[in-house]
Amino acid sequence: MITFTRLAALLTLLLPVLAQDQEDASRCSKIPDDINLTPLTDPFTFFNGQRVSSKADWTCRRAEISQLVQRYQLGQLPTVPSSAVKATYFEETRPKVNIAVTVGDKRISFNATIVPATEPGKDSSPAIISIGASSLPTLTGVANIIFNNDEIAAQNGPSSSRGGGLFYDLYGKDHSAGSLMAWAWGIGRVIDALEKLPEAKIDTKHLGVTGCSRNGKGALIAGAFEPRLALTIPQEGGAGGPSCWRISDYLERKGLNTQTAHEIVTENTWHSQAFEPYVNQIGILPFDQHLVTALIAPRALYVPENSIDWLGPESAWGCQRAARTVWEALGVEDRIGFDQTAVHNHCQFPESEVEGLTAFVDRFLRGKKVKTDGYFKTEAEYPDYSDKFWRNWRVPTLR
């Protein structure tokens with residue numbers, strides 16, 4: 001039996017040891033007050049842990065990201081052989097293209113309207129495909145092709161719109177694709193048709209895509225999944241566009257009124273139903289919108305943004321900075337632009353962003369030798385934002 005005297009003696013012997021342990025612990029570094037348990041996923045590490053070390057590797061990593069995004073967020077993008085698309089050019093008040101697509105025993109047909117370029121080229125003009133309508137200023141020498149995305153896939157709410165539109169008439173109302181992916185599919189068919197119609201006088205090697213707000217989300221997805229688009233211009237797309245889900249969740253927890261994944265699925269049918277199980281645990285997904293954006297690389301991207309809280313301006317800034325590391329790794333950092341003017345009305349293109357837009361259009365659509373570096377900037381201040389908090393990867397030089 002241990003007597004009180006013996007216990008006291010034992011404690012006397014242990015006290016110096018405990019004091020030494022406390023002294024040693026005081027010299028150790030402390031954990032940060034704010035730990036990021038869900039940082040953005042590394043663009044340069046394959047799902048199996050292998051590192052991306054060459055441009056050839058990036059091609060494979062890009063294909064992997066595409067498959068992951070289709071499986072868990074956007075739904076599958078069907079492939080269509082050129083022979084399944086019939087194109088007809090005709091003129092009413094404006095030139096139009098009729099696109100007819102046949103899959104099995106089903107057939108759909110829709111029109112796209114061409115607004116000819118001011119100062120058009122001799123044989124053909126570059127063009128920007130506008131989802132819904134264009135909010136961009138008039139661009140000299142560039143045609144505008146109006147694409148009625150609502151006709152392809154409806155966006156009138158999560159219950160009434162799911163499975164509505166020509167895409168679903170062709171593939172079935174239970175197809176996995178949300179409306180964003182269905183629109184990307186439709187834009188691909190417009191390009192198929194233009195390639196068959198020299199009389200439309202559109203230079204199909206120099207095509208861009210744009211849209212604002214919800215259609216800005218669509219423009220980003222079209223650029224990510226349609227490789228024939230030379231320039232992508234997603235204007236003020238917010239969540240599901242240039243903003244990252246993880247960053248938006250973090251900002252919402254800090255009290256910002258911003259759109260998040262768990263809100264967006266209650267608003268509309270933009271995403272696949274396969275996305276819904278993950279919207280309250282977004283950090284377990286092996287990608288975020290920076291990787292969706294990176295699917296565009298090394299092609300050109302110009303992101304005109306706003307500072308409206310609901311759009312997640314800080315999230316867009318951080319997300320696109322993360323995406324830009326892919327262009328940096330590929331040695332083409334001047335092919336991505338981001339311009340965030342502090343104050344302007346939603347979808348009213350500000351004068352301060354015209355210079356950057358014009359530079360990107362001149363270089364990548366009109367073929368002019370102009371510089372496009374120096375157009376990655378914001379007028380907003382984000383004192384709490386840190387790249388290190390969200391990114392834990394090293395940017396390689398890919399050759």
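**Figure 1. A salt bridge between R321 and D387 in the predicted model.** R321 pairs with D387 in this predicted model. Their closest N and O atoms lie 2.6 Å apart. R321 sits in helix α10 (residues 313–329), and D387 belongs to helix α12 (residues 387–390). The two residues are 66 residues apart, and the pair links distant parts of the chain. R321 has a relative accessible area of 22%, so R321 is partly exposed. Side chains of opposite charge can pair when their charged atoms come close.

**Figure 2. The salt bridge of E64 and R61 within helix α2.** The closest N and O atoms of E64 and R61 are 2.7 Å apart. Why are E64 and R61 separated by about one helical turn? They are 3 residues apart in helix α2 (residues 55–74), which accounts for the separation of about one turn. An α-helix has 3.6 residues a turn, so residues three or four places apart point the same way. Both partners, E64 and R61, are buried.

Figure 3. The side chains of E92 and K96 meet at 3.0 Å, N to O. Is E92 buried or exposed? E92 counts as exposed because its relative accessibility is 52%, above the 50% cut-off. K96 counts as buried because its relative accessibility is 19%, under the 20% limit.

**Figure 4. A salt-bridge network of five named residues.** R189, D192, E195, E226 and R228 are linked in a network of salt bridges. The structure as a whole holds 17 salt bridges.

**Figure 5. An open sheet of 10 strands.** The strand order is β1-β2-β3-β5-β4-β6-β7-β8-β9-β10, with mixed pairing. Which strands lie at the edges? The edge strands are β1 (85–91) and β10 (376–378), and each pairs on one side only. From one strand to the next, the twist averages 20°. Strands of a sheet pair through backbone hydrogen bonds, either parallel or antiparallel.

Figure 6. Strand β5 (residues 143–147) is mostly covered, with 4 of its 5 residues buried. Strand β3 (residues 106–115) runs antiparallel to β5, and 4 bridges join the two. T113 stands opposite I146 of β5. Strand β4 runs parallel to β5, joined to β5 by 5 bridges. Which residue in β5 is the bridge partner of I131? The partner is F147.

Figure 7. Strand β4 (residues 125–131) pairs in the parallel sense with strand β6 (residues 202–212). How many bridges does this pairing span? The pairing extends over 5 bridges. I129 stands opposite V209 in β6. Helix α6 (residues 214–225) lies across β4 and β6, as well as β7 (231–235) and β8 (300–305). The helix runs at about 145° to β6.

**Figure 8. Helix α11 and its cover.** Helix α11 (residues 354–364) is mostly covered, and 8 of its 11 residues are buried. Those buried residues are V354, G356, L357, A359, F360, V361, D362 and F364. What covers them? Their cover includes strands β4, β6, β7, β8 and β9 (336–340).

**Figure 9. A cis peptide bond between A297 and P298.** The peptide bond from A297 to P298 is cis, and its omega is near 10°. P298 lies in the loop between α9 (289–294) and β8.

Figure 10. Most residues other than glycine have a negative phi, and most peptide bonds are trans. K201 is not a glycine, yet has a positive phi of about 60°. Its place is in the loop between α5 (179–195) and β6. E236, also a residue other than glycine, has a positive phi near 50°. E236 is found in the loop between β7 and α7 (245–253). With a relative accessible area of 0%, E236 is buried.

Figure 11. In an unreviewed entry, UniProt lists residues 99–331 as "domain: 4-O-methyl-glucuronoyl methylesterase-like". Over residues 99–331, the chain is 33% helix and 21% strand. The end C-alpha atoms of this stretch are 38 Å apart.

How values were computed: Residues numbered from 1 in each chain as written. Predicted model: local features only at pLDDT ≥ 70, side-chain atom pairs only at ≥ 80, totals over all residues. Heavy atoms only, no water. Pairing = 2+ DSSP bridges. Axes fitted to C-alpha atoms, helices over the stretch in contact; angles between N-to-C directions. Contact = heavy atoms within 4.5 Å. Buried < 20%, exposed > 50% of the residue type's maximum accessible area, 1.4 Å probe, protein only. UniProt positions renumbered as here; feature names shortened; annotations may be inferred. Salt bridge = Lys/Arg side-chain N within 4 Å of Asp/Glu carboxyl O.
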